[in-house]
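These are my notebook entries on a structure that I went through piece by piece. I wrote down what I looked up and what I found.

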There are 2 protein chains.
Amino acid sequence: MTPFSPVTPAVLQQLEEIVGAGNVSVTEADRRLHAQDMSRFAPRLAEVVVWPETAVQIAAVLALANEHHIPVTPWGAGSSLEGHPIPWFGGISLSTERMTAVLALHTDDFQVTVQPGIGYKDLNAHLARYGLFFPPDPGANATIGGMLANNAAGIRTVKYGATKDNVLRMEVALADGRLIHVGSRSIKQSAGYDLLHLFVGSEGTLGVVTEATLKLTPIPELMSAVMASFPAIGPAIDAVVAVRGSGLDVAALEFVDAQTAVLLARENGLDLPAQPTLLMEFHAAHAETIHLGLETVHEICAEFGATRIHTTADPTERQRLWNARHHTYETWVRARPDVQWLVTDVAVPISAYPQLIARAEGLLAAHDLAGFMIGHAGDGNMHVTVGFRNEEEEVQANEVNKELVLKAIALGGTCTGEHGVGVGKVPYLRQEHGAAMDVMRSLKHTLDPNGILNPGKVFETAVSP
Amino acid sequence: MTPFSPVTPAVLQQLEEIVGAGNVSVTEADRRLHAQDMSRFAPRLAEVVVWPETAVQIAAVLALANEHHIPVTPWGAGSSLEGHPIPWFGGISLSTERMTAVLALHTDDFQVTVQPGIGYKDLNAHLARYGLFFPPDPGANATIGGMLANNAAGIRTVKYGATKDNVLRMEVALADGRLIHVGSRSIKQSAGYDLLHLFVGSEGTLGVVTEATLKLTPIPELMSAVMASFPAIGPAIDAVVAVRGSGLDVAALEFVDAQTAVLLARENGLDLPAQPTLLMEFHAAHAETIHLGLETVHEICAEFGATRIHTTADPTERQRLWNARHHTYETWVRARPDVQWLVTDVAVPISAYPQLIARAEGLLAAHDLAGFMIGHAGDGNMHVTVGFRNEEEEVQANEVNKELVLKAIALGGTCTGEHGVGVGKVPYLRQEHGAAMDVMRSLKHTLDPNGILNPGKVFETAVSP
């Protein structure tokens with residue numbers, strides 16, 4: 001059935017020669033640890049797990065696998081929500097867990113060069129002493145390699161951009177074992193094709209990132225937070241548009257629905273009424289700027305009928321707010337132990353956000369499912385999270401996901417704003433991209449003619465035409 | 001010699017059927033008008049100029065040309081500095097001059113959808129009434145299609161990014177006549193390969209942009225400007241790094257050398273001493289923010305030994321400053337009617353800027369050539385502009401360009417920060433990209449197997465392997 005070849009004892013021996021015997025394992029325990037991410041997809045076992053320590057080793061593993069038609073699935077932290085690191089066709093799980101070095105820090109250039117296995121939270125802890133940080137913040141301690149492969153984003157993307165906007169240069173191992181460099185440490189570059197962004201977000205299906213130079217940002221001197229509650233979703237989204245148009249350069253602009261506001265009030269002690277609420281953050285170099293910004297935001301929210309507006313520049317209170325927001329999903333999991341959750345990830349042009357939310361409310365009601373909505377409203381990205389208690393409800397939850405995706409695409413949006421395609425969004429790409437999917441497929445075939453790189457992801461079939 | 005076929009009477013007739021007889025010309029006058037850009041390269045004549053009016057017409061022209069192996073060179077405004085729109089192998093000059101429509105304005109989404117032939121200055125004039133603008137500003141009234149093809153940038157790139165950072169979605173005609181859509185009107189998208197950025201900057205060699213949805217920015221409420229002069233280049237660049245690290249979010253951060261400061265003082269009445277000078281701009285929503293920002297900048301510049309610091313929030317004075325900066329090249333042309341100028345375009349990580357400048361000074365002295373330096377210091381992008389008066393000096397000027405490029409690449413930079421490859425930077429791409437050039441070439445071959453799209457640009461040979 002599978003178009004691939006098995007990992008033979010001879011191949012195992014060659015893998016050991018490449019990465020060292022201590023960096024190869026066929027034990028069931030190790031294979032189980034690399035079989036499943038945080039998605040709803042069932043685990044699948046690789047035949048072998050390898051932990052290369054250098055770019056050259058990664059390239060050599062790929063060349064070997066390519067020669068023998070063995071699939072290779074890269075592994076970072078296993079925090080994906082769409083099945084990316086699951087070894088769908090067995091073969092080799094290529095873990096970057098032993099490549100966590102900070103290779104160079106260029107403070108004057110606001111750049112750092114790292115190996116792909118370092119977690120972004122660990123990186124930021126390292127960078128804090130220099131007053132710098134890497135802004136994308138997907139939540140779990142994802143690796144930089146995983147974030148690049150997936151174009152991860154997060155709460156502060158509205159100001160700082162997604163991972164694709166915060167990387168300058170990468171070293172990439174190709175399927176045939178070539179190592180290439182893409183991008184430049186120069187911020188500006190118009191020299192030929194933008195291969196950097198072709199590999200970012202390609203989910204390990206075109207190559208494996210072996211090293212990356214990231215763009216850093218000075219840690220803001222001052223931050224402030226705002227919580228604004230509205231009688232309905234419509235005026236809340238009107239306020240989002242007005243804040244974005246105000247020139248205030250908001251650093252986070254999050255939406256939580258009324259029931260999530262209730263939950264965060266109860267579980268985290270946030271002072272929130274049972275209403276749709278916007279959570280915002282602003283960064284500035286001066287206290288007066290913060291103060292004036294808060295005044296403007298207050299005016300905008302009041303203009304759109306906010307029933308309650310709370311602003312704060314107090315670090316502890318702000319931290320509490322964002323901790324609560326970052327852990328909303330886990331809070332829901334604890335609050336409703338009777339259900340499992342399906343996290344959706346559609347995004348639309350901001351003007352279509354109310355229509356998307358209305359559709360989500362309608363779908364949850366029609367299918368009689370529990371569900372809550374939190375989203376990066378400033379980006380038009382919405383995570384409708386659908387609860388299910390049994391197989392029948394799971395089918396319904398998947399139906400809600402599908403209908404939401406189709407609605408988002410119809411509204412000019414996307415099936416995935418930041419979680420990536422993986423396995424879960426494969427069925428929707430043709431709907432979203434049309435004939436451009438044929439171009440993606442021909443690029444895949446050009447760079448990975450044997451289809452060994454993370455098969456089962458992005459495309460419907462394992463091997464290119 | 002050429003691997004292409006001529007435009008026969010039968011092909012001409014088919015072109016007339018596609019775009020209409022009034023949109024096809026073989027007159028020498030029209031061919032001369034599409035033979036040369038603003039670069040130093042000699043004109044070359046297309047066999048025919050066509051002016052399609054729709055995306056479908058562009059696609060049909062490409063399909064026809066592909067079938068007959070006729071080269072197609074897109075034409076925007078002819079403002080390129082590296083020869084992009086010159087029909088290097090004759091064939092068809094595909095002008096977008098009759099595709100200048102604004103197709104849709106999405107004010108709530110801060111987006112506009114346009115045809116490729118509209119000039120960015122004309123677009124911004126149209127957008128002003130809505131309080132919005134498209135930030136990249138290459139100077140000449142380049143078309144949006146040309147800016148996308150070339151990933152054009154400009155003075156405000158340090159804050160707003162290059163063209164690639166300000167486009168969300170495009171319709172692209174491929175060599176075989178397929179029309180595809182790439183990107184999304186959703187700000188966030190992690191759904192498959194980033195084809196958008198593969199086509200941006202590909203200089204018409206992978207496809208022709210037929211429509212684009214651009215990201216807009218609210219016009220800032222308030223702007224202020226700073227001119228700071230330093231006794232030497234080193235401390236000026238130290239100040240650049242400090243300003244970038246201050247969290248002030250500078251909107252323009254330009255460097256002019258001492259002799260250009262003298263020129264701008266004399267010709268534009270700017271109050272500048274004969275010293276290396278930084279020109280800066282800041283945008284904000286509140287007067288107090290502007291005021292505080294100027295105070296901080298003043299402190300930073302003083303700390304690094306600035307001999308003169310002039311700050312202003314007066315719109316007229318600010319406008320005068322940026323007009324002077326925008327027309328520096330033309331001012332030099334008028335001031336030195338005895339010389340022609342070769343504009344270079346290297347960029348490096350900002351920490352390497354002083355080394356780059358030192359190399360440029362050394363090269364100009366060694367070759368005994370006139371030259372001046374202006375640059376987007378905040379981006380590490382430098383335009384050393386080299387004067388020559390005869391063929392012998394032109395050879396020397398080209399040598400300076402070559403040595404500068406090699407130095408920039410050695411410093412971790414690029415042969416072109418914003419002018420693109422065109423014809424002029426073709427010899428340096430292998431040096432900059434190494435084996436990644438093979439990947440670019442295989443992508444070119446995949447998407448344009450007959451090599452009809454803008455041959456002679458980006459790659460050394462006209463047709464892919």
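**Entry 1: a buried valine**

I began with Val346(B), which counts as buried because it has 32 C-beta neighbours inside 10 Å, and I note at once that the model is a predicted one. The cut-off for calling a residue buried is 20 or more other C-beta atoms within 10 Å. I then placed Val346(B) in the secondary structure, where it belongs to strand 17 of chain B, residues 346–347. Leaving out residues up to four places away in sequence, I listed what Val346(B) touches: Leu356(B), Met382(B), Leu404(B), Val405(B), Ala408(B), Gly413(B), Thr414(B), Cys415(B) and Gly417(B). I also looked up one pair that is separated in sequence, and found Val346(B) and Gly451(B) 105 residues apart along the chain, with 28 Å between their C-alpha atoms.

**Entry 2: helix 9 of chain B**

Just after helix 9 of chain B I noted Gly269(B), where phi is positive at about 70 degrees.

**Entry 3: the nonpolar core**

Which residues have the most contacts inside the largest nonpolar core? I found Val61(A) and Val61(B), in a core of 302 residues. Setting aside residues up to four places away in sequence, Val61(A) touches Leu15(A), Ile18(A), Val19(A), Val50(A), Pro52(A), Val72(A), Ile92(A) and Leu94(A).

**Entry 4: chain A as a whole**

I counted 16 helices and 19 strands in chain A. Its radius of gyration is 23 Å, close to the 23 Å that the globule rule gives for 465 residues, so chain A is as compact as a globular protein of that length. The C-alpha trace of chain A spans about 70 × 55 × 40 Å along its principal axes, and buried residues make up 59% of its 465 residues. Of the contacts in chain A between residues at least 6 apart in sequence, 71% join residues at least 24 apart. I took down the division of chain A into domain 1 (9–98), domain 2 (102–218), domain 3 (222–329) and domain 4 (336–430), and noted that the centres of domain 1 and domain 3 of chain A, over C-alpha atoms, are 43 Å apart.

**Entry 5: where the two chains meet**

The contact takes 78 residues from chain B and 78 residues from chain A. Among the elements of chain B that supply at least two residues each to the side touching chain A are strand 9 (179–183), helix 8 (233–245) and helix 10 (287–303), while helix 16 of chain B gives the most, with six residues. By class I recorded 30 nonpolar, 34 polar and 14 charged residues on that side of chain B.

The same surface serves both copies, as 100% of the contact residues of chain B recur in chain A.

Terms used
Residues are numbered from 1 along each chain as its sequence is written. Chains are lettered from A and ligands numbered from 1 in the order in which they are written. This is a predicted model: local features need pLDDT of at least 70, side-chain atom pairs count only at pLDDT 80 or more; totals for chains, interfaces and linings use all residues. Domain bounds come from an automatic or database domain assignment. Two residues are in contact if their C-beta atoms, placed from the backbone, lie within 7 Å. Helices (H or I, at least four residues) and strands (E, at least two) are DSSP runs, numbered from the N terminus. Ala, Val, Leu, Ile, Met, Phe, Trp, Tyr, Cys and Pro count as nonpolar, Asp, Glu, Lys and Arg as charged, and the others, Gly among them, as polar. A nonpolar core is a set of buried Ala, Val, Leu, Ile, Met, Phe, Trp, Tyr and Cys residues joined through C-beta atoms within 7 Å. A residue is buried if 20 or more other C-beta atoms lie within 10 Å of its own, exposed if 12 or fewer, and partly exposed in between; C-beta atoms are placed from the backbone. The radius of gyration is taken over C-alpha atoms; the globule rule is 2.2 Å times the number of residues to the power 0.38.
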